Structure formats: C-alpha cells, structure tokens
Amino acid sequence: MCGVVGYIGSKEAAPVLIDGLRRLEYRGYDSAGIAVLGGGKIVFGKEVGRLVNLERELEKNPIAGMCGIGHTRWATHGAPSQANSHPHFSSDGSIAVVHNGIIENYAELRDELAAQGHTFLSETDTEVVPHLIEQALKEGAASPAAALRSALKRLRGAYALGVLFRDEPNTVYCARLGSPLIIGLGENENFIASDVPAIINRISEAIYLNDGEMAALYADRVEVCTMDGEVVTPVVKKIEFKAEDAEHDGFETFMLKEIHEQPRILRALLAKHVLADGSVDLGTELSPDYFRKLRRIMIVSCGTAYHAGMYGKLLLENLTGIAVETDLASEFRYRDPKIDPGTLIIPVTQSGETADTLASIRMAKEWGCRIFAVCNVEGSSVVRESDATFYTDCGPEIGVASTKAYTAQQMAFALLALYIASVRGDLTPEKLQEYLDDLREVPNAVHYVIQKKAEIQAIAEKHHDGPSSLYLGRRFNYPTALEGALKNKEISYQHAEGYAAGEMKHGPIALINEALPVVCICTKTADEVYEKMLSNVKEVEARNGRIIAVATEGDTELSKLSDDVIYVPSVRDEFSPMVNVTALQLLAYYAARARGTDIDKPRNLAKSVTVE
Ligand code: F6R
C-alpha cells in the first residue's frame, strides 16, 4: 500500500528518492515525504496530496545530503495530513522512520511510551517506532542497530521500515516483517524499496529481505542480520525485467500501455508453456502424478484476481474431473471450509503481497494443503510461501487498475486446465491439440480488439454519463461481466454492477430504463448459452435499456437489438473471456477519460493491498 524508498551513495539523495517515489506512487498517493541526513542533521520535507506537491516544496527548499529515506502514503491510521505523513521522528528528531504495513499493538506501545514522557504528534501507528528506538537507546542499547533490534521485537503486525539515525551518518537501516522490501545493489550506492520498479532504472541486482530480517546499508556494502543480531548471508538475485518495462513508452497512461501489452504477454506465455511436441509444461515442481490423484482445488484471491479465479474454476471443472471451488480470500479466511490436506490451494495474485490472500494460504498450510500460486512477482511473499508458482510474466503492472495481469491469469488457468486434463487423460492428445490451436488464436484476437480502440472510445463517450451501468454475462463470461463492471467503477467512478444475466429477472431488471447503459457480453457459443443470453438482451431491449453489446463479428441479430455493438473476433467459447474483457477494459478506459479522472491513480485505491 504505502511505498518506501531509501538511498545511500555518492549522489544527492533527494532527487533519487523523489524519482523512486514517483515510480512507487501507485502504491499510495495521499501524501509523500523524505528525510535526508547531511551536515550532521536530519532534514525533512513532507506534503499532503500527490508527490508533485512535495517536489514543488523541495524546489523552494532543497535538502542536501547523500543518504535518505522516502515514503508515499496510503492512509490507514489517521487522515491524509501533514502531521500524519511520513517520515516520523523521535522526540529529539534524531531518528527518522518510514513505514509500510500496520503496527497492530501501537495503541498499547503508545500508552507505555507516553507514560515514559514521549510526546506524539500524529495519529499514526508508525510514530511509535522512532520513539521505541529512542527509548531503547535511553535504556542503554549498545548501538543504533541494537536499539532498532530491540524495538522490532516489541512490534506486532507488519512492517517494511526505513530508518535514519542522525548519530550514524553513513548508514540507512531497514527491516521487514510481512510487508515487501528489497535492497537494490548498485556501484558504490545501495537502495531500499517496496518494489523493484522504484529503482529498476538504477540496479540490476537485488536482495529480497526475508521476514524477520533487518539490514544496514552503507555506500559500499550491505549487512543483513536477524532480529537477534545473527549475521545472514543474503541471496543476491538478478532483476529480470528492464527499466523500460516501468516506463510509459509514449502511451498517455500506464493502463493504456498495459492493455496494449496483452497480446505480446499472452503469446509469450503460450510460447513458454506449450512445447514443440504439443504438450503443455507448467514448469512446476508438482508432478503429473500429483495432478492425476488430485480430487479438489480451492482458488483464493481478491478483486480482479478473484474474477480470474472464477474463470479458472469454470475452465478447470469443465475440462478436468476435479471439483473446484473459488472464494474471496477475505471471506475464505474466516470460513470453516472443511478443506482436507488433499486439496490443492491456488492463490491468484498479481502482487503476491495481498494480505488476505497471504493469510488464506497460511491457514491452508496449517491444514496440510499444498499451495500452487499464480503470481506475477518473483520473490513476493505468496511465491515464497507456496510450494510452486506459475508466473504470469507480465513485467511490472503500474496502472492501479489491473489489466494485463488479469488476462495473463486467465491464460495461466487455460494452460493449467489443459495440462491437468491431459495428464489425467480427461482430454485425448488430439483434443488437446484442438484446444491449443484455438488458444493460439487468442493473442491475435486481443490485438484485433485493441485496434478497434477508436470505435470503442466513441461508444464510451456516448454512454459515459449517468450515475450507473449494468454488465451482464453468462457462464465463462459471467466473470467477464464482473470484471468489466469493476474496471468501470474503479477508474471512471461511475457505479457499475456486474450480474449473471440469468439473475437479472430476480432483481436488477427493475433498474432498466432508457438512461441505463447495459453492457451485454453476448459472443457466440457452441451451446445454448448464446440463445439464453440473447433472450436476456431482448428483455433489456423491451424495457428500453441502452444496450452496448459485445458480439461476435458477423452477428447481425445483436445489431438490431443494441444501441451500439463492439464486434470481436470469433474464438472458442472457453477462451472468449480474454478477448471480451479487453473490449471492456477499453470501454472503461475511455469512459474514465471522458469523465476526466486520474486513470492510473484512481481515488482511494492503492495497487498492492498489504493490509486486511
Ligand atoms: C482491480 C485490482 C484489484 C486487485 C486486488 C488483488 O483492478 O487491481 O482488485 O486485483 O487488489 O491484488 P493482487 O492481484 O495483487 O493480489
């Protein structure tokens, strides 16, 4: 949620920190701040609102020094305000802290520290951290590092921390528990960051700090240890993606760029997982025999990833003999779902850091289940805690509204379902090839839809007004309806509801009048679902709803019923959601553009939801 950066080296720290925060702003944008150590003191700047406010302030009042920490905030404890912005300080201003996560026992720590004479200036949970460290020093901790370790041991909850000590001028400290934090390694300079994109333009190697570890960064080296001070030899990993992956590339927004990346990503996933002999290779440690014996799968995820999970369930149960369920991670973790150790848990997550998804897999591990993640971020918490991972290989997704990660998750499920079905003998080799041939059509079809963006824009501009819209779909495209509605509401702020079209008569039909745009996903299918969907479209038409249909090229029936039609190429029904959702991503995108919202950073949202 919040973004943390830190720098130590031979450059001026403030511009490096601001650049990192700009790249991390998608994690939170309620306020931003930096603290820099120079000339024997810590100087800071913090401003409410977007990062640009802080940049303007720093232009007027520059801060010099070659060592610093920075933060971009998504408010949890306390409203976005100057006082609540990070960094937070000890009473004497000699310790500065930035934090992502939640300190769950902050209230009791605050009472204890207040009784010891500490004064708090903010409503945040974070502010207890510098005071705790200060108290440990007062009580005789042998060094800043020892004081930090002693403070960490008192904290419950989750944190990625960056810490500066005025009295230890050439060091940046950091610590991690439950919130992501990496250490970027440069030439005579080192960095900390919540996420690789923050510093991707400056490093090619990184250390992924483990939970319960802390580190001291100097310009020329990094020392990692546990909270007990035991030295850890860190694993240095090469960063696989390139700096350009985290740039706009000439597109007006990251979201538009990421929509355009989808055909390439889908093609690359096919090329990686479909071997020359026509078999599917998941590249996983789980053996074919494991999948042969598997009886039950439980998919857990949140938001857009949940919609991918719904699609995954439909495909897996359609193609394999396995019973599959899916649930929202935030519900699953509080249910009593009677899961036995033989159940395979599939968490689906772009970031790999979503708090509820992580909690769900931890719970399932206690029941003895195996975990097979579908995830985009190497080294993320979900990946580390899973037995195996299918990487969606999208590169960094920076637009807050997920697009390319979603279609890549759908492709992951298509490949997974085909793999499981083939190893279990649910699909003959000939049938598998037929499916794979059809799956190979998908990237081109997605590309074709993207080429129609001007047409889709015109439709969006016609219908973007009004307080609400309804999205209807059936079977494989029921999750598409939910995802289309989610995209619309999160970036255009128009209320939108996704519904299973068959449910319309059970309530939402009451909403339909000539003002309500109703997006009907009605592409041709091999079974009666198309006819049923067509009947639903007719029911909307009979009540004068404004119908926007997503239809298969050449379908003249729908053009008679609809105000507007987005024609998409014909692909196999099972795989049509990847194509259809692309049209809905663009529809939402251009509606948001017409409504003048901040598309890459929609209000109140943050990219990675690391708190419950
Ligand atoms: C919506 C969106 C969110 C995420 C959800 C899960 O566009 O991006 O709904 O899908 O917060 O995030 P991950 O996939 O990182 O677990």
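**Basis of the entries.** I am working from a predicted model, in which local features need pLDDT of at least 70 and side-chain atom pairs count only at pLDDT 80 or more, while totals for chains, interfaces and linings use all residues. Residues are numbered from 1 along each chain as its sequence is written, and side-chain values use heavy atoms, with hydrogens and water left out.

**Asn201.** I placed Asn201 in the loop between E10 and E11, where helices (H or I, at least four residues) and strands (E, at least two) are DSSP runs numbered from the N terminus. I also noted that Asn201 and Glu244, 43 residues apart in sequence, lie 8.2 Å apart in space, C-alpha to C-alpha.

**The sheet.** I traced an open sheet of 8 strands in the order E3-E2-E4-E1-E10-E9-E11-E15, with antiparallel pairing; two strands pair if DSSP finds at least two bridges between them. Strand E3 (41–48) and strand E15 (236–238) stand at the edges with a single partner strand each, so one side of each is left without a neighbour in the sheet. The twist averages 20° from one strand to the next.

**Around E2.** I found that 7 of the 8 residues of E2 are buried, so this strand is largely enclosed by the rest of the structure. E2 pairs with E3 in the antiparallel sense over 8 bridges, and with E4, also antiparallel, over 7 bridges. Gly33 stands opposite Lys46 in E3, and in E4 the bridge partner of Gly33 is His71. In the hairpin of E2 and E3, which has 2 residues between the strands, I noted that Gly39 takes a positive phi near 60°.

**E9 with E11.** I read 4 bridges between strand E9 (residues 182–185) and strand E11 (residues 205–208), which run antiparallel, with Gly184 opposite Ala206 in E11.

**Helices on the sheet.** I followed helix H1 (residues 13–24) across strands E1 (3–8), E2 (31–38), E4 (67–73) and E10 (190–193), running at about 155° to E1; angles run from 0 to 180 degrees between N-to-C directions, and axes are lines fitted to C-alpha atoms, for helices over the stretch in contact. Helix H2 (residues 51–60) packs on the sheet and touches E2 and E3, with its direction at about 135° to that of E3.

**H12 with H13.** I found that the axes of helix H12 (residues 404–424) and helix H13 (residues 429–440) come within 11 Å and cross at roughly 170°. That makes H12 roughly antiparallel to H13, since angles over 145 degrees count as roughly antiparallel, under 35 as roughly parallel, 65 to 115 as roughly perpendicular and the rest as oblique. The contact (heavy atoms within 4.5 Å) is made by Met411, Ala414, Leu415, Leu418 and Ser422 of H12 and Leu432, Tyr435, Leu436 and Leu439 of H13.

**H16 with H19.** I noted that helix H16 (residues 478–492) and helix H19 (residues 576–595) pack at an angle of about 20°, with their axes 9 Å apart. That makes H16 roughly parallel to H19. Among the residues that meet here are Glu483 and Lys487 in H16 and Asn580 and Arg595 in H19.

Methods:
Buried means under 20% relative accessible area, exposed over 50%, partly exposed in between (1.4 Å probe, protein chains only).
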